[in-house]
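User: I am new to this model and would like to understand the words used to describe it. Could you set each value against its definition?

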Amino acid sequence: MKFQGSQNYVATDDLMLAVNAASTLQKPLLLKGEPGTGKTMLAEEVAKSLGIPLLQWHIKSTTKAQQGLYEYDAVSRLRDSQLSGVEGNEKVKDINNYIVKGVLWQAFTADQPVALLIDEIDKADIEFPNDLLREIDRMEFYVYETRQLIKAKHRPLVFITSNNEKELPDAFLRRCFFHYIKFPDATTMQQIVDVHFPGLKKELLNAAMKTFYEVRNLPGLKKKPSTSELLDWLKLLVAEDISLDALQSKDDKVSIPPLVGALLKNEQDVTLFEKLVFMQSRNR
C-alpha cells in the first residue's frame, strides 16, 4: 500500500516518500517539525487513505512505556477479593480480568494491519523511548503476570511525533526513519488553505497571507504562528466578515491585524509586535 496524499491533507513529495520509505523498511516514521505543521494529522490522513484503523497514544509527562503494553490492576483485584462472595471469587482467580491492554497490545493483536500514532514522545521521561526499544524492534513483549508472549499478527505502520522538547536516544533513532516537516513555503501554504477554504476570495486571501508572513517573520518572536494558527485566523476572518481594508495598510507599513490573538499566543510577542507598529508610526 502506497500513500499518495489525500484530499484533506497537502503532502509534499518528500513527505509522501518518507511515509512509503518507512513502510517499506518496516520502521517507525519519526516526524519532527514546528508545532502545528500537521504531524499528528498526517497519521490520521495516511490511515484514512490506506483504509486501515488508527490507534493513538498521546504521551504526557507522566506516561510510562509500560502503559502502552499493559497494566496490571492489582488494587482492583485486592478490592474485589475483599468484597466479593463465592461467585466473585471466580473472577478474582483469573488474573486476566485485571490486565488492562495498552495501545501497543491492541495494535499487535489486531486482526488486520493498523496504523499506530505515538504522539509527542518527547514529552515523556528521557528513558521512555529506550523502554520501548525492544517492543518496537521485535514487535513482541512478555506479560509476566499471565506468562504470555504477545507477538504482532501484523506489523503496524508506526508514526512517532516529536516537538524537539528533548533529545531522543541514538539507539532509538537508529530504529526509525526520520523526516523533518519544514514550514510550508507560500505555494504549499496556498494549497493547504485552498483545501480548507475553497471559496475564499483571492484578494482577501492574498492580504491575509501577506499579513501572516509579516507577523511570522518578525525578528525576536518567542513563538512563530504555525499553519494551524493561520487556518484558525482565516476561519475567524470569514466568520466575523472582516473586510479587505482591515488587512491592508495604505503605506505598506506593518499594522496590527484584526484578531491577532489567533496568531500570537503570548504577551511578549504581542508587545513586541505593538512596539514595531509604534516605532514605524513614529518614523513616518
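User: What makes S226 count as buried?

Analyst: Buried means under 20% relative accessible area, exposed means over 50%, and partly exposed lies in between (1.4 Å probe, protein chains only). S226 has a relative accessibility of 1%, so it counts as buried. S226 sits in the loop between α11 and α12, where, leaving aside neighbours within four places in sequence, it is in contact with P35, G36, F183 and F212; contact here means heavy atoms within 4.5 Å. This is a predicted model, in which local features need pLDDT of at least 70 and side-chain atom pairs count only at pLDDT 80 or more, while totals for chains, interfaces and linings use all residues. Residues are numbered from 1 along each chain as its sequence is written, and side-chain values use heavy atoms, with hydrogens and water left out.

User: How do you know whether R216 is buried or exposed, and what does R216 touch?

Analyst: The relative accessible area of R216 is 7%, so R216 is buried. R216 lies in helix α11, and, not counting residues up to four places away in sequence, R216 touches E34, F183, L221, K224 and P225.

User: Why is D131 called partly exposed?

Analyst: D131 has 46% relative accessibility and therefore counts as partly exposed. D131 belongs to helix α7, residues 128-131; a helix is a DSSP run of H or I with at least four residues, a strand is a run of E with at least two, and both are numbered from the N terminus. D131 and A65 are 66 residues apart in sequence, yet their C-alpha atoms are 6.0 Å apart in space.

User: Why is α10 described as oblique to α11?

Analyst: Two packed helices are described by the angle between their axes and the distance between the axes. Axes are lines fitted to C-alpha atoms, for helices over the stretch in contact, and angles run from 0 to 180 degrees between N-to-C directions. The axes of α10 (residues 186-196) and α11 (residues 202-216) come within 12 Å and cross at roughly 125°. Angles under 35 degrees count as roughly parallel, over 145 as roughly antiparallel, 65 to 115 as roughly perpendicular and the rest as oblique, so α10 is oblique to α11. The crossing of α10 past α11 is right-handed, a crossing being right-handed if the near helix is turned clockwise from the far one by less than a right angle and left-handed if anticlockwise.

User: Which residues make the contact of α10 with α11?

Analyst: From α10 come A186, M189, Q190, V193 and D194, and from α11 come L205, N206, M209, F212 and Y213. By class they are seven nonpolar, two polar and one charged, where Ala, Val, Leu, Ile, Met, Phe, Trp, Tyr, Cys and Pro count as nonpolar, Asp, Glu, Lys and Arg as charged, and the others, Gly among them, as polar.

User: How do you know how α11 and α12 are oriented to each other?

Analyst: Their axes come within 11 Å and cross at roughly 135°, and α11 and α12 are therefore oblique to each other. This crossing of α11 and α12 is right-handed too. L205, A208, M209, T211 and F212 in α11 meet L230, W233, L234 and L237 in α12, a contact with eight nonpolar, one polar and no charged residues.

User: What makes the protein chain more spread out than a compact globule?

Analyst: The protein chain holds 13 helices and nine strands. Its radius of gyration is 24 Å, well over the 19 Å from the globule rule for 284 residues, so the protein chain is more spread out than a compact globule; the radius is taken over C-alpha atoms, and the rule is 2.2 Å times the number of residues to the power 0.38. Along the principal axes, the C-alpha atoms fill a box of roughly 85 × 45 × 35 Å.
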